[in-house]
Amino acid sequence: MIPPPVRLDAYAPVIGQAVVNEIRGLARRLEGRSALMVNSTAVGGGVAELLNRLVPLLADIGIPVRWEVMRGGEEFFGVTKDMHNALHGTPAEITPPMLDLFLDVNARNAAALDLAADLVVIHDPQPVALVRARAHRGGLWVWRCHVDVSRPQPEAWSFLRQFVVQYDASVFSAPEFTQVLPITQYLIHPAIDPLAEKNRDLTAGEIETVLTRLGIRDDRPIVTQVSRFDRLKDPVGVIRAYQLARRTVDCQLVLAGGGASDDPEGAAVLEEVRRAADGDPLIHILELPPFSDREINALQRASAIVVQKSLREGFGLTVTEALWKGRPVIASAVGGIPLQVLHNLTGLLVHSVEGAAHRIRTLLRDPEFAARLGANGREYVKSRFLTTSNLRSWLALAVSLLHPGERVIRLP
Amino acid sequence: MRARGTEPFVFYSAAHIVELTGRTARTLAELRDGIRAVTGSSIFHHTFGALRDRPFTGHRYHSDFARWAAEVLQDWPVAERLAFMDPTEFTSIRQLRERILQVIEDRLAEPAEPAAAPPGRQFHFNQSISLYFPSGREAWTVEELGEGIRAASVGTLFFHLVEARLRLGRCTNDLSSWLAESLQAPALARRLDQLDLLVPSAEALRGQVLAALGTAP
């Protein structure tokens with residue numbers, strides 16, 4: 001897989017030339033070392049999105065890097081989807097024939113793919129068993145787990161674990177997402193790309209065009225939640241909070257999510273949301289088609305407040321996106337959200353509908369406080385949750401793997 | 001004061017990766033046990049590292065321990081005492097660890113209903129692996145030092161001004177050491193030693209350094 005080139009220098013206006021120089025300096029300390037990324041899909045999904053940036057950036061700073069995508073087939077990916085659900089703790093039956101297929105596909109890929117590199121990074125559970133072939137190839141092997149495996153079905157985790165322990169190290173997105181393992185575990189947060197269509201700066205005209213197209217008038221403060229229509233995102237709770245807040249402050253609500261036409265549960269949730277909205281013309285329920293990146297960007301930027309009132313959450317990249325846009329965020333203290341929203345500093349954490357309503361009122365009445373939270377949030381994302389931070393973390397990890405046991409590494 | 005140092009000031013770049021220890025705490029007593037048991041790199045990560053990673057807030061809590069005690073345990077007496085503790089007043093992790101333990105022990109000795117973190121909000125002990133390397137920039141004069149500070153990343157400022165205390169084992173910084181020893185400028189070195197390191201932002205810190213050097217634009 002060869003993604004289009006990306007230049008690190010393009011990020012200098014965002015992160016500063018000093019940080020760009022530091023990243024290049026770190027890369028020089030890895031001169032001559034090669035890297036390989038392996039995952040299960042070239043397009044669609046967060047991991048492919050991440051690799052589409054990380055791989056060309058590594059190449060741009062002089063690291064010989066390849067990206068291999070494993071081949072599976074419909075039946076294999078059906079198995080891995082069930083396994084994914086089981087790792088999330090959702091009921092899913094994993095039968096012995098399914099495990100045989102999983103191992104067989106991994107073995108065939110191990111034979112077909114060129115897995116030779118100084119650093120081999122295997123992303124997520126699908127290709128995890130490729131590690132059985134490592135003896136023939138050498139190099140350091142790292143399992144990058146993008147999934148929250150803290151509460152899995154024990155059988156599914158036990159199956160996976162036998163392969164995970166064969167790696168030199170593992171990487172998780174949040175301390176809360178891990179399992180006890182005998183190998184070293186590192187933390188690398190997910191990241192957003194500040195230059196992508198979903199996050200790049202927009203002009204006032206571009207924002208206005210999107211609002212007009214979506215039928216939203218910018219004549220009163222906009223409160224927005226961007227999330228698929230899923231009960232775990234609690235869109236009905238967001239409506240209740242808005243309704244409570246509206247008793248004393250003027251605002252309008254935008255709930256923007258993907259279309260739910262091919263998802264029976266999503267359609268049911270959407271119906272519940274419409275019922276809860278009760279025809280209020282100031283509640284805008286938007287079913288956005290895939291690739292509505294500019295629309296989401298504009299909605300977030302136009303918002304006085306961005307809400308993420310999830311009942312359960314992964315890392316919560318929609319929160320990262322809103323923080324990056326300098327928006328004050330009100331979010332539930334679940335999953336990876338407290339890693340990003342430091343209460344009263346980069347946003348406000350809430351635990352109930354009333355809490356969300358109270359905080360909506362607080363921020364609409366105190367725009368200076370809201371602006372301060374937004375500015376802090378943007379700075380926080382800039383230092384920790386951008387593609388370039390992700391790149392830097394991978395370089396630091398690669399160096400640290402070459403100095404096992406050292407906690408302070410002074411490089412020439 | 002010499003116009004030119006006997007040796008150059010070498011600007012360093014810094015990077016770090018976070019390692020998860022797997023150790024968690026749900027209560028203040030478990031936090032104490034963890035603080036006692038973890039590596040110095042972990043204490044560094046949750047104190048100095050917390051200052052480094054949040055360069056914007058006026059450092060309301062100064063450490064992850066204080067923030068967790070406040071936001072999760074909502075044990076305000078211990079949170080306030082930990083928040084008041086300024087890591088930059090310490091020149092060794094051993095001293096800092098002992099002081100934190102003393103504050104927590106004092107609180108545990110007080111009659112209070114022990115609070116526990118709700119599920120999912122445990123304290124996770126992590127540790128920093130720190131990497132340092134020469135940035136390629138050097139300074140021979142005060143003016144060049146100012147230029148370097150103006151161009152430095154937040155990580156470089158933190159390395160030379162804040163973390164330096166742990167490396168040097170005294171309340172000073174790399175810039176002051178170089179000014180005093182290589183440039184024979186003790187008055188200027190003392191002025192830099194007196195900087196308030198917990199200003200609200202990295203840019204404010206940069207501004208303070210440039211003003212102290214007399215090289216602010």
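Predicted model: local features only at pLDDT ≥ 70, side-chain atom pairs only at ≥ 80, totals over all residues.
**View 1. Helix H3 of chain A and its neighbours.**
Start with H3(A), which covers residues 46–60 and so counts 15 residues in chain A. From its first C-alpha to its last it reaches 22 Å, close to the 21 Å expected at 1.5 Å a residue. Look for its buried residues, among them Val47(A), Leu50(A), Leu51(A) and Leu54(A). Arg53(A) is on the buried list too. What lies over them? The cover on the buried residues of H3(A) includes strands S1 (35–39), S2 (65–69) and S3 (119–123), plus helix H15 (387–401), of chain A. After the helix comes Gly62(A), which has a positive phi, near 95°.

**View 2. Strands S4 and S5 of chain A, side by side.**
Here S4(A), residues 140–144, and S5(A), residues 169–172, run parallel and are joined by 3 bridges.

Where they meet, 8 residues of domain 1 of chain A are in contact with 9 residues of domain 2 of chain A. On the domain 1 side of that contact you'll find 4 nonpolar, 3 polar and 1 charged residues.

**View 3. Where chain B meets chain A.**
This contact draws 32 residues from chain B and 37 residues from chain A. On the chain B side, the elements giving two or more residues are strand S1 (9–25) and strand S2 (123–139). S2(B) supplies the largest share of that side, with 10 residues. Sort the chain B side by class and you get 12 nonpolar, 14 polar and 6 charged residues. S2(B) also runs parallel to strand S13 of chain A (residues 408–410), and 3 bridges join the two. One of the pairs to look for is Val408(A) with its bridge partner Ser130(B).

**View 4. Inside the nonpolar cores.**
Nonpolar side chains tend to be buried together in soluble globular proteins. The largest nonpolar core in this model has 156 residues. Which of them touch the most other members? Those are Ile360(A) and Leu395(A). S1(B) gives the most to this core, with 8 residues. Zoom in on Leu395(A) and you'll see that it touches Ile23(A), Leu26(A), Ala27(A) and Leu30(A), leaving out residues up to four places away in sequence. There is also a second, separate core of 27 residues, including Ile43(B), Phe48(B), Ile104(B) and Phe123(B).

**View 5. The two domains of chain B.**
Chain B is divided into domain 1 (9–13 + 129–213) and domain 2 (16–127). The distance between their centres, taken over C-alpha atoms, is 27 Å. Their contact takes 17 residues from domain 1 of chain B and 15 residues from domain 2 of chain B. On the domain 1 side, S2 and helix H8 (154–168) of chain B are the elements that give two or more residues. H8(B) provides the largest share of that side, 6 residues. By class, the domain 1 side has 11 nonpolar, 3 polar and 3 charged residues.

How values were computed
Residues numbered from 1 in each chain as written. Chains lettered and ligands numbered in written order. Helix = DSSP H or I, 4+ residues; strand = E, 2+ residues; numbered from the N terminus. Expected span 1.5 Å × (residues − 1). Buried ≥ 20, exposed ≤ 12 C-beta atoms within 10 Å, placed from the backbone. Contact = placed C-beta atoms within 7 Å. Nonpolar A, V, L, I, M, F, W, Y, C, P; charged D, E, K, R; others polar. Pairing = 2+ DSSP bridges. Core = buried A, V, L, I, M, F, W, Y, C linked by C-beta atoms within 7 Å. Domains from an automatic or database assignment.
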